[in-house]
Amino acid sequence: QVQLVESGGGLVQAGGSLRLSCAVAGPVFRTNAMGWYRQAPGKQRELVATITRGGETNVVDSVKGRFTISRDNAKNTVYLQMNSLKPEDTAVYYCTADLLRWGSYSPSDYWGQGTQVTVSS
């Protein structure tokens, strides 16, 4: 069974930093693009950042210059370094991966369980 296991969330003061990790576990042949989304209370889930297998990144304007996405293909892990955090960054953060399972013919999207990030003012 394929799982995306997230870690690194927590409570931090405004201006602080957190680093989220998301490791892919299970029978995976290849992991393609990976990314992070977030969902604040009462709001829709929104894209934060994506990264291709080759390392090309895309970061939304609201976090550009503060958040950095990276990955380690050998560890099948994606990271989100969050600096200069603001109260409006408070949300549940979800990782996602487009991956091909062993025995499958086409890739599918998988999601982590989410990790809470709370930024106090």
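A search of the whole predicted structure finds one disulfide, a disulfide being a pair of cysteine sulfur atoms within 2.5 Å. The bond joins Cys 22 and Cys 95, whose sulfur atoms are 1.9 Å apart. Cys 22 belongs to strand S3 (residues 18–25) and Cys 95 to strand S9 (residues 91–101), so the bond ties together parts that are 73 residues apart in sequence. Strands are DSSP runs (E, at least two residues), numbered from the N terminus. The torsion about the S-S bond of Cys 22 and Cys 95 is about 45 degrees, so the disulfide is right-handed. Both Cys 22 and Cys 95 are buried, that is, under 20% relative accessible area (1.4 Å probe, protein chains only).

The model is predicted: local features need pLDDT of at least 70, side-chain atom pairs count only at pLDDT 80 or more, and totals for chains, interfaces and linings use all residues. Residues are numbered from 1 along each chain as its sequence is written, and side-chain values use heavy atoms, with hydrogens and water left out.

An open sheet of four strands runs in the order S1-S3-S8-S7 with antiparallel pairing; two strands pair if DSSP finds at least two bridges between them. Strand S1 (3–7) and S7 are the edge strands, each pairing on one side only.

S7 (residues 67–72) and S8 (residues 77–82) are joined by six bridges in the antiparallel sense. Met 82 of S8 is the bridge partner of Phe 67, and Tyr 79 of S8 that of Ser 70. Phe 67 lies on the covered face of S7 with Ile 69 and Arg 71, whereas Ser 70 lies on the uncovered face with Thr 68 and Asp 72. Four residues separate S7 from S8 in the hairpin that they form, and Asn 76 in the turn has a positive phi of about 50 degrees.

Technical notes
Buried means under 20% relative accessible area, exposed over 50%, partly exposed in between (1.4 Å probe, protein chains only).
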